Amino acid sequence: LTLRKKQEEQFVAGASDGKNNDKLLRTIAAAKAADTIDLEAKAAQKVAQLEQYVRAIKKTGVIMETDKESLALTSQLQDATRTLIKLRYGDFQATTPYRIKLDLEFQSTIPDFDSKGKDGTVVIELAPISLIPYSVYNFLEIARTWKNGAFHRNAGHVLQAIARSNVKQSMPFQEYSKEYPHKKYTVGYAGRPSGP
C-alpha cells in the first residue's frame, strides 16, 4: 500500500513536470488490479469458511430460521457474500440490479417453432443483494460456470430447469425475503434448502 501511494505521488509530481509516466501509470494499474484479485480471493475464502459452518449447523437438524446462533451465522455469511459479489461482479447494484441473459435454443417440436424459429432470449433480473445475497451469488456463480441446461418440467405454476455448471452443492440455508416473494415471473431454487 505504501509503495503504491509513493508511486502515485511520483506520477502526480511527474505529470506536473510534463514527464512521460506511461510505465509508472501501468505499474500503478497493475498493483491496483493485483490488490483487487487478492481481496476477491480472501473474500471467497471467507465465504467458503462461513458456508461450511452454516452447513454444519444445518446438519444438526436445528430449525435455523428460529435459532439465534444460526441466524447470526447466516447473517455473517450474507454480509461476506455481499462483499464477494461486489468484488467479483462489480459494485453497481444501487443503480442497476444484476442481470443474467440466457440465449436459448428450442427444439423443433415446440408449437411456435415454425413462426419464431429455434432461437430465443430470456433476461433474468436478480433480487437486490441487500435482501437475498447468497441466492444471488449462487445464481451468478451458476451463470459464470455454465456448461448447459434444459427445461425439464412445465407444471401449472412452475417452469423448472436443470442447470449444469461447476456449482454442485445445494444452498447452505433457506434464504427468503418477504420483500421479494415467490410469485409469477420470478425465479427460485427447487427443493429445501434448494439447489442447482
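This is a short exchange about a predicted model and the reasons behind some of the terms applied to it.

Reader: Why is Arg55 called buried?

Author: Arg55 has a relative accessible area of 16%, and buried means under 20%, so Arg55 is placed in that class. As for its location, Arg55 lies in helix α2, which covers residues 22–59.

Reader: What makes Gln169 a contact of Arg55?

Author: A contact requires heavy atoms within 4.5 Å, and Gln169 is in contact with Arg55, as are Ser170, Met171 and Pro172, once the neighbours of Arg55 within four places in sequence are left aside.

Reader: Why is the set that includes Leu77 and Val136 called a nonpolar core?

Author: The name is given to buried residues of kinds such as Leu, Val, Ile and Tyr that are joined through side-chain atoms within 4.5 Å, and the largest such core here has 24 residues, of which Leu77, Ile85, Tyr98, Leu126, Tyr134, Val136 and Leu140 touch the most other members. Two or more residues come from each of α2, α3 (68–89) and α5 (133–144). Not counting residues up to four places away in sequence, Val136 touches Ile85, Tyr98, Leu126, Ala127 and Ile129. In soluble globular proteins, nonpolar side chains tend to be buried together.

Reader: How do you know which residues count towards the buried share of the protein chain?

Author: The cut-off is under 20% relative accessible area, and buried residues make up 29% of the 196 residues in the protein chain. The protein chain exposes about 13500 Å², with 53% of it supplied by carbon and sulfur atoms.

Notes: Residues numbered from 1 in each chain as written. Predicted model: local features only at pLDDT ≥ 70, side-chain atom pairs only at ≥ 80, totals over all residues. Heavy atoms only, no water. Helix = DSSP H or I, 4+ residues; strand = E, 2+ residues; numbered from the N terminus. Buried < 20%, exposed > 50% of the residue type's maximum accessible area, 1.4 Å probe, protein only. Areas by Shrake-Rupley, 256 points an atom, 1.4 Å probe, with all protein chains shown as cover.
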